[in-house]
Amino acid sequence: TEMAAWLPPQLYNVYSQVTGYSEFSKAGTVVSINGDLERAKNLSVDTSDTEDITPEQETRQSKRRSAVHEPGKKKVFKTHPLTVEVIVPCDNGVHAKVLFTYLVKLRVVTVGISLM
């Protein structure tokens, strides 16, 4: 789908692997991409945070960050506008909903699970 092209590589990997599994197996697993495609298209990752910096620069940045650390918490946990949702059928008509979300600044994928 068009939305898959706008996923971060980590979420795209999850999406492609689970999609391949769902097409191969007969378990009835459903994979979807949810979220705001326009926000994903407009998202620009600030590469200045990912560049290599010297220890001296890091010390200066740490001092600045400690002075204004509260607003920075929201930026650290900023999520990518697109998520990957996987619905897995279980016993007795129960389904497990697995939601994969990407934290942009931390560059990690989080997983949430709920029963439906």
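Strand E2 (residues 82-89) and strand E3 pair in the antiparallel sense over six bridges, where strands are DSSP runs of at least two residues, numbered from the N terminus, and two strands pair if DSSP finds at least two bridges between them. The model is predicted, and local features need a pLDDT of at least 70, side-chain atom pairs count only at pLDDT 80 or more, and totals for chains, interfaces and linings use all residues. Residues are numbered from 1 along each chain as its sequence is written, and side-chain values use heavy atoms, with hydrogens and water left out.

In the hairpin of E3 and E4, four residues lie between the strands, and Arg107 takes a positive phi near 55 degrees.

Leu106 is found in the loop between strand E3 (95-103) and strand E4 (108-115). Leu106 counts as partly exposed because its relative accessibility is 40%, the class lying between buried (under 20% relative accessible area) and exposed (over 50%), with a 1.4 Å probe and protein chains only.

The pLDDT, the predictor's confidence in each residue from 0 to 100, averages 82 for the protein, and 75% of the residues score at least 70. Over residues 45-53 the pLDDT is below 50, and this stretch has six contacts in the model beyond near neighbours in sequence, a contact being heavy atoms within 4.5 Å.
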